[in-house]
Amino acid sequence: MKNFVLFTLSIFVSTFLSAQTKEAATADPGAPVLIEKVEAIPGKNIVTYEKWKLSNGLTVIIHEDHSDPIAIVSVSYHVGSARETPGKSGFAHFFEHMMFQGSDNVGDEDHFRIVGKGGGGNNAFTTNDFTFYYETVPNSMVETCLWLEADRMGFLHDAVTKKGFENQRKVVKKEKMQNQINLPYGLMWEIAGQNLYPSGHPYSWPVIGYSDDLDRADESDLKNFFLRWYGPNNAILGITGDVNPKEVLAYAVKYFGSIPAGPEVVKQRVPKVIIPDDKYANSRDDIYQPLTTMTFEGVPIYHRDEAALDLLADIMGSGNNSIFYKNFVKSKRAPIAFVFHQARELSGEFSIHIYAYPVLKDGTQISFNDTEILIRKTLDDFSAEGITDDALLRAKEVTRSAIWDQGESIFEKALMLAQWQMFSRRKRNIQDELDRYARVTKEDLIRVHERYIKGRNALFVNIWPLPEIKTEADMIKRRKWKKESFNPYAAISVELPAEYKGLVYNKAKDSFDRSVQPTQGDQKEAVIPDYYTEKFDNGLQISTTQYKENSKVIILMSMEGGHIVDGNKGSKQGAAFLTAALLNEGTQNFTTEEISAKLERLGSDIGITAGGVQSNIIIISFKENLDATLKILEEKLYRPGFDEEDFDRVKKQVLASIKSQKSSGTITAEKVFNKLIYGKTFLGSHFTGTYNQVHKLKLADLKSYYETYYSPSVTNVIAVGDFDKDEMIAKLGFLKSWKAKAVQMPELSMEELPKYEKTKVFVVHQSDYKSANTTVVIGHISNKFDATGVNFQSTVMNFALGGAFNSRINLNLREDKGFTYGARSGFSGGDYPGAFRAQATVKADQTDSTIVEFMKEINNYVENGITDEELEFTKSNILQRDVLNYETAFQKLGYLNTILHFKLPKDFKEQQAEVVRGLSKADINKLAREEIRPNNMVILVVGNKYLFKEKVDALGYGKFSQLDKTGNPISRATYTVK
Amino acid sequence: MRKIYFFIVLLLTSAIALAQKNNVQSAAKAIGLTSITAVDGSMVAGIKEKYDELEEAKKYIDLAAVHPKTANSVKMWYYRGRTYLMIHQQKRKDIELDAIRIATESLLKCIEEDEKKTLKDSTKVFLMTAAILCFFEGQDKYFDEKYAEAAHLYELVHGCLQYDTGKDLARNNVSEKKIILYKYYAANKMGDDEKAKVHLTKLIGMNYNDPMIYISMSRLMQEEKDTVKALEYVEMGRKRFYDNAVLVREQVDLSIALGKSDELMKRLGADIEYDPENNALYMVRGTLHQKNGDLDKAAADFKEALEIDPSSFLPNYNLGVMFYNEGVKIMEVAKDIKSNEEYAKEKARAENIFGQAIPYFEAALVIDNEDTVVLQSLLRLYVRVGDDAKYAALKKKMGL
């Protein structure tokens, strides 16, 4: 039969390849082979690189970038959740966690410690298709990072301990709880994947997996996973940055060359997704805005139709000229509506997302039907209206701008180089990406619209708010409601697939002592941007630095004020935020749509926001379009529209976002904590204002805010781009005509701030469902910003306590106890006093233990101080990490903004380094005693009080006081709804 | 006397009628309904879940269902529907196994008979609930292999669609297409080809998005020996699912049977031009070439398929088979050659071709190391080319 059988698409290609053989494990590193070398081409956007192959199959990609003395060492394993087996979901991500638990020559948690000590940072992430590990370091650390990565690639197997395994299992389950179950809309992607893809499809389960699948895993499962997928032949080692290719290649051969290859990995093939009929998946969540998504089958990454689908999505649903904006947002049916196409390795999804207002204009509750009917109508309207040349041009320019940004940092380059290797059949570079989008025609858009969208079946996911509580019975029902992650594979019996059978760990044999950590070489100085400052007669201060490597210009206009001015008595709270939001709309001469279109045609962006102490305008433009972009800025700044219709719509959007914040435990925690430490001062209220405050705001209030507080006299402008100072000042010359106003910043009297004679516990009862997490925030008022004084030194002092991954607080609460996905402490401070603040999100029944452990660490640190080792680590990290802070335009912007805002001297970084070098153990301990006050703290807990109240009351801080979600005291008694 | 009798009869009749109405009301009361209409004309929603009273409710309503006075009452149908719906929802199989069917039929009847539309809104709500549950029940019956019952339930649900103005059924994934699809499944299992064809035709007309409907229709036509129609359906399906492997295979086989392989060849060429990275299309064209005896072209297409996906088993396998069969053919002819010299020449030629088969079979073996045809073929090939070492190693691996 088989002689004549035709090819049939296999459902899942089985990789029956033989495992590592039982023959001799010593692999001869051999000489690496140069596979390709990509050089720069004038006029083209090319990431240059050398690609090598070692004899064990490891691909090594080296990209040189000598603009900053930094480097990224990355290892991308071509394995993600898509390689898992139904019933054993979450392994790839779980394994990512295990990779930080130590290997033969690197102790548990030492990966973080070693990289941190060298001034670097490191992290990893897992997707459906791959897992990416990386270190961002001063370039003197490259060899060390290669040693670290090689050790966990080749020598992790025997170092896996039961303790580490069990602990990380807890941490991963916590992560799922925190980032999915407890997050508003957190299960949306999981529900979508389950319903869009057929049973058994690798995209039908979430990357983080299901908790019960994680529960049934054991160490042998993880070790098998490691042996199957974590061989060098399934990895891409990326070394990007200020490196010498010959040198780093030699390191790569030394550390990785002896690691034996793993089993062969072949490309995964799955059947195309077919949606036979419209499908609906409906769920409830503790949210304010109902969410409806409509998802069509898309295409995988680098498919011939991907670029056209991406642009089609932009045209349909991005920006103020899109039809989804018009039909949903502009017509005030939804505050948020967008369309996007996401392409992954095996398939893609073209999705429409609508976050609707829960109540229609006539006051009735919205239903499932309403949103769907309007989505369908909008799709019909789109078909009828067609696609204009201008729409295509704008979408292309916006995309060009986004692609261009990807080539700026070495991290982005490392990621792109790895992805091109893994997912593209042919050689690829940034210029290819630019070209393939540029080539898309209107006919292509029409074709893909017909093929993938028009009249096609789709999956609808409806996430609906919980029913209103009107009676006691409703409340009781609500308390019983649980938000759960449903595992469709829970009942299946999982057999070990053939590819996992017979896997044997063959430890590499070296000709050198791998247990010796490489020495860190000499480190070059940071390339700190030189800058020029000038002040205009109207008080505007400008700071500019020339950045030749980037074709884009980024300008920040930072106006002092923000919420703190409208927070004064007699003023209108929330006006700053709403004014900024409204200024993003039209002007006196152009509608919102016209202004947006102008910016899109240039590939530029102007965004206006307001926060606690500032209102900011960010301008991003290609160099060649800067003049045109600044003309638009001038129009927005000098002639804002203040249109009644726009105001009405924007206000409604802001009110909806304020209402939505109530579902989030962390936002509630932030608001209430600020209220507790800043009291009734202008710092104690949230910068968006409360719902009632914003509701009362009129258009005249915003005009008044703009006329009073938008002034050059309180504005700093920082510009980063490839212009010299004279050119840049000339381009910004139009700001000289901006009329100055007398603006006074409010003073804060320390007497007005609440005082806590002893540490007190406050609880905000957040949620009624049993799967809730608790957010714990502990802290007190602290100092204003200073560059070298107490505030700065406090941040140094805090580093060992809670300022790093391997600080005491995180190691205790996350790594040791497994209470949380992450715990930190820190000092803040600006023009006004900041706070000392320690925070973690934990499972509700661990609330009391979390508080105990936090206070134990804080008290211990205050009483017994820092150890020698910790001090050495702190200094080593802080003194070396500065070199990482100047790579990108935004980083340079941040640096200059700090200098300008706080009026710092040019050499303040050197002064800081001097201070750090000079800090002794005694200095640190004194700071800890003086600046951390464990007996005068607020302990704020946001969560389901019924799950922890007795235990928290018994902690010795007295019975807790209960607050509402805005921080006002309320009775502790259980209330009944009338 | 007559008047008295008349009045007595009238009284008795009224009493009986009243009794029957009381049965309906009793059923209603039993399941907790207090009144039918609210102030605004809609149904009162507050129904109490009286578990223990369901038997009683059933008793009353069944009585009402057979009495001539109430048997066709709209209210009777309404309460009957709701009673049986509740029985089903509370899983009271002890009272009635077929509750959902009866519920759906009753509510359907109610809405059909309710000319004055007094109960329309309320009935619709419960009818939709019943229809959804009825559909799931149909699926359960199907999986229990009770196909006729399943078909009847699907038919019922289909009848409810016309009242689903709010698309509630579709939003609970009981769309018309799905109903018809399941009606097809049931008919297929019952061997009712005529009904199966009706349902498939409908689905095709509705553009149901699954290649299976075209394949199934084609197979039905083939069973009727109507190859022309069979090919028509396959081609219809290929227009929508151009790279579905089963459709392509069917098209190849049917096209050859109907002498239309040239046409197909052209079509495949167009498909390949549209999607040059689709190795499935090369595989199929290669097989068509192979069937037509164009081995060079077949090999070129298989190699192209391999180029796109080196991990694919079948192109490796088919190439191995092609060369193997070619070698065998040569040897078949050679064995009758009288001249030793000529024989030796042909043998050498065959061995050369066998040698070309080996790397493809070896590659196939790497992908699937348990495929017995590949294992056996390789053993024979190693013998033919005289590779004793590989022969021994493979034998050992096979445990021979």
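Me: Before we start, what should I know about the model and its numbering?
Reply: It is a predicted model, where local features need pLDDT of at least 70, side-chain atom pairs count only at pLDDT 80 or more, and totals for chains, interfaces and linings use all residues. Residues are numbered from 1 along each chain as its sequence is written, while chains are lettered from A and ligands numbered from 1 in the order in which they are written.

Me: Okay, chain B. How many helices and strands are there in chain B?
Reply: Chain B has 19 helices and 0 strands. Helices here are DSSP runs of H or I with at least four residues, strands are runs of E with at least two, and both are numbered from the N terminus.

Me: And what percentage of chain B is buried?
Reply: Buried residues are 42% of its 400 residues. A residue is buried if 20 or more other C-beta atoms lie within 10 Å of its own, exposed if 12 or fewer, and partly exposed in between, with C-beta atoms placed from the backbone.

Me: Let's look at α18 and α19 of chain B. At what angle do the axes cross?
Reply: Roughly 155°, with the axes of α18 (residues 372–385) and α19 (residues 388–398) of chain B coming within 9 Å. Axes are lines fitted to C-alpha atoms, for helices over the stretch in contact, and angles run from 0 to 180 degrees between N-to-C directions. That angle makes α18(B) roughly antiparallel to α19(B). For the wording, under 35 degrees counts as roughly parallel, over 145 as roughly antiparallel, 65 to 115 as roughly perpendicular and the rest as oblique.

Me: Left-handed or right-handed?
Reply: The crossing of α18(B) and α19(B) is left-handed; that is, the near helix is turned anticlockwise from the far one by less than a right angle, whereas clockwise would be right-handed.

Me: Which residues make the contact?
Reply: From α18(B), B:L375, B:L378, B:L379, B:Y382 and B:V383; from α19(B), B:K390, B:Y391, B:L394, B:K395 and B:M398. They divide into 8 nonpolar, no polar and 2 charged. Ala, Val, Leu, Ile, Met, Phe, Trp, Tyr, Cys and Pro count as nonpolar, Asp, Glu, Lys and Arg as charged, and the others, Gly among them, as polar.

Me: Nice. How about α3 and α5 in chain B?
Reply: The axes of α3 (residues 74–89) and α5 (residues 120–143) of chain B come within 11 Å and cross at roughly 40°. The two helices are therefore oblique to each other, and α3(B) passes α5(B) in a left-handed crossing. On the α3(B) side the contact includes B:Y78 and B:R82, and on the α5(B) side B:F126 and B:L133. The residues of this contact are 5 nonpolar, 4 polar and 1 charged.

Me: Switching to chain A. What is the strand order in the open sheet of 7 strands?
Reply: The order is β1-β2-β3-β7-β4-β6-β5 in chain A, with mixed pairing. Strands count as paired if DSSP finds at least two bridges between them. β1 (33–38) and β5 (121–126) of chain A stand at the edges with a single partner strand each, so one side of each has no neighbour in the sheet. The twist averages 15° from one strand to the next.

Me: How do β2 and β3 of chain A run, and what stands opposite A:W52?
Reply: β2 (residues 49–53) and β3 (residues 59–64) of chain A run antiparallel, joined by 4 bridges. A:V60 in β3(A) stands opposite A:W52.

Me: What about α5 of chain A: which of its residues are buried?
Reply: A:M188, A:E190, A:I191, A:A192, A:G193, A:Q194 and A:L196 are, giving 7 of the 9 residues of α5 (188–196) of chain A. They pack against elements of chain A including α4 (162–181) and β8 (279–285).

Me: Last one: which strands pair with β15 of chain A?
Reply: Among them are β17 (residues 614–622) of chain A, antiparallel over 9 bridges, and β18 (residues 715–721) of chain A, antiparallel over 6 bridges. A:M557 has A:I617 as its bridge partner in β17(A) and A:V717 in β18(A). β15 (residues 552–560) of chain A is mostly covered, with 8 of its 9 residues buried.

Conventions: Contact = placed C-beta atoms within 7 Å.
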